[in-house]
Amino acid sequence: MNYGIVIKMLGNILEIESLLMVPSLLVALYYNQLDKIPLVISIFITGIIGFIMTKKSYSKKVIKVKEGLAIVTFGWLLASLFGALPFVLSGSIPNWSDAFFETVSGLTTTGATIVNNVEAMPKGILFWRSFTHWIGGMGILVFTVAFSTTIGVGGFQIFKAESPGPITDKIVPRIKDTAKILYTTYFAMTILQIVLLIIGGMSLFEASVHTFGTVGTGGFSTRNASIGAYDNTYIHIVIAVFMVLSGVNFSLYYAIFKGKWKEVLKDEELRLYLGIVSLAVIFIALNINSKIYYNIGLSFRDAFFQVSSIITTTGYATTNFDKWPTFSKGILFMLMFIGGCAGSTAGGIKNIRILVFIKLIKREISKIFHPRAIIPIKNGGKVVPNDTVASITSFFVLYIMIFVLGTIVVSLEGVDIESAASSVAATLGNVGPGFGFVGPTRTFSEYSGYSKVLFSAFMLLGRLELFTIIALCSPVNWSNGRKKEKLNVA
């Protein structure tokens, strides 16, 4: 393990995080509230410690797989720990474990919260709280790769370990250029949504905060009632549409820019994703129209918003969907697991894994009738390697195992099975709200400190897609022996 380069990169992350706190300080100065000094102190502490760490010497400017895993895992942990400083120092969330939970939830774009009255929080802290969604949506390390000048050989290992999805491809040959293209797209979507929300009547502050939660698929709001506080169909539709767009693989937007429309339209994952969204909206709208609403237009509006919010793991709400019929809640619960597309800011299992898994099942059924047939699994006309198929199968098994075991452990709190299961699904899938105990009108504040730590671990596992953290825990990663091991990150 090249500890020197790992420590230096972690220092770079903290330095960048301290700079990313500056916009929140500017907001606090503009509104002249009491969070100014806590933000200044947070910026100073984070920046100084990061600066000291960047002075660590190292022998080789090479980042291999195990260094990449260490940088990504510890980078997220450090960013969460130091990102909690503004909450603690301002007194907005004085308990450190609660502040850590809130920061992890923000950076992993989960949107689960322990704050019962967000409207009482100062503006600078509210801005930082939602800005963590924007930072974590594309990835802390992707940002570092794009704008850091210290990354040498092996930057792709960082990009691969942090990027969501079983298949990680470069858009262009140089990984730094790929990261810059992704962030250019991210910036463009952010600016466009802010403008559209301002047109809809939001202030610049609220438009910015809710855009961070949308394009980052996070879900933190400035209102206790979330988006439901805005009785404005235009705002609901704009946010819903951008949630769907944020759940699409960002590389497809570059393909559109290059004029490769046919390639985008033929993308199987995109077609599955949009198909699931369409069917879920139709089924839920028809179900709630006869039981909750008596206006088909409103039924489709709220169904579209909540389906978009849950499948993209954003977590915004316009209504208390916990009161919807069991059929509709069942669909939303399944969407918590599916998530968005690989290469998007959304969480969940990802549609590409669902697609490959469906094709795997179809192949096994075919082999019952044709046992000697060699039937490759293809995606977009290309054969999916057996190693990738195996990693996807392993991911499914591990994901379900963690979900089941997590539900059992959380149930020790004495909550009902619906609340326990949806709590784990909502944090592991980076969704945010669930049902029952953690419904859209409630928070995670009533859980014990132990459970909050467990949920924080689930959020990190979900954001880094299980194997990044688990592989790091393997003893071989800490061995400096001559024997070289290759770790395949799912």
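**Threonines in loops, then a helix pair**

T109 sits in the loop that joins α6 (96-107) to α7 (123-138). Keep in mind that this is a predicted model. So what's up with the backbone here? The phi angle of T109 is near 60°, which is a positive value in a residue other than glycine. T109 has a relative accessible area of 1%, and since buried means under 20%, this residue counts as buried.

Now hop along to T313, in the loop between α16 (296-311) and α17 (326-338). Its phi is near 55°, again a positive value in a residue that isn't glycine. The relative accessible area of T313 is 0%, so T313 is buried.

Next, let's look at a pair of helices. Helix α19 covers residues 386-410 and helix α20 covers residues 417-428; they pack with their axes 8 Å apart, at an angle of about 135°. That angle is why the two are called oblique to each other. The crossing of α19 and α20 is right-handed.

Which residues of α19 and α20 meet? From α19 come Y399, I402, F403, G406, T407 and V410, and from α20 come I417, A420, A421, V424, A425 and L428. Sort the residues of this contact by class and you get 10 nonpolar, two polar and no charged ones.

Carry on past α20 and you reach F437, in the loop between α20 and α21 (449-463). Is F437 buried or exposed? Its relative accessibility is 16%, and the cut-off for buried is under 20%, so F437 counts as buried. If you skip its neighbours within four places in sequence, F437 is in contact with V415, S419, R442, T443, E446 and Y447. There's also D322: it is 115 residues from F437 in sequence, but their C-alpha atoms are 10.0 Å apart in space.

Zooming out, the chain has 22 helices and two strands. Of its 490 residues, 60% count as buried, and T109, T313 and F437 are among the buried ones. Looking at contacts with a separation of 6 or more, 71% are between residues 24 or more positions apart.

Key
Residues are numbered from 1 along each chain as its sequence is written. This is a predicted model: local features need pLDDT of at least 70, side-chain atom pairs count only at pLDDT 80 or more; totals for chains, interfaces and linings use all residues. Side-chain values use heavy atoms; hydrogens and water are left out. Helices (H or I, at least four residues) and strands (E, at least two) are DSSP runs, numbered from the N terminus. Buried means under 20% relative accessible area, exposed over 50%, partly exposed in between (1.4 Å probe, protein chains only). Contact means heavy atoms within 4.5 Å. Axes are lines fitted to C-alpha atoms, for helices over the stretch in contact, and angles run from 0 to 180 degrees between N-to-C directions. Angles under 35 degrees count as roughly parallel, over 145 as roughly antiparallel, 65 to 115 as roughly perpendicular and the rest as oblique. A crossing is left-handed if the near helix is turned anticlockwise from the far one by less than a right angle, and right-handed if clockwise. Ala, Val, Leu, Ile, Met, Phe, Trp, Tyr, Cys and Pro count as nonpolar, Asp, Glu, Lys and Arg as charged, and the others, Gly among them, as polar.
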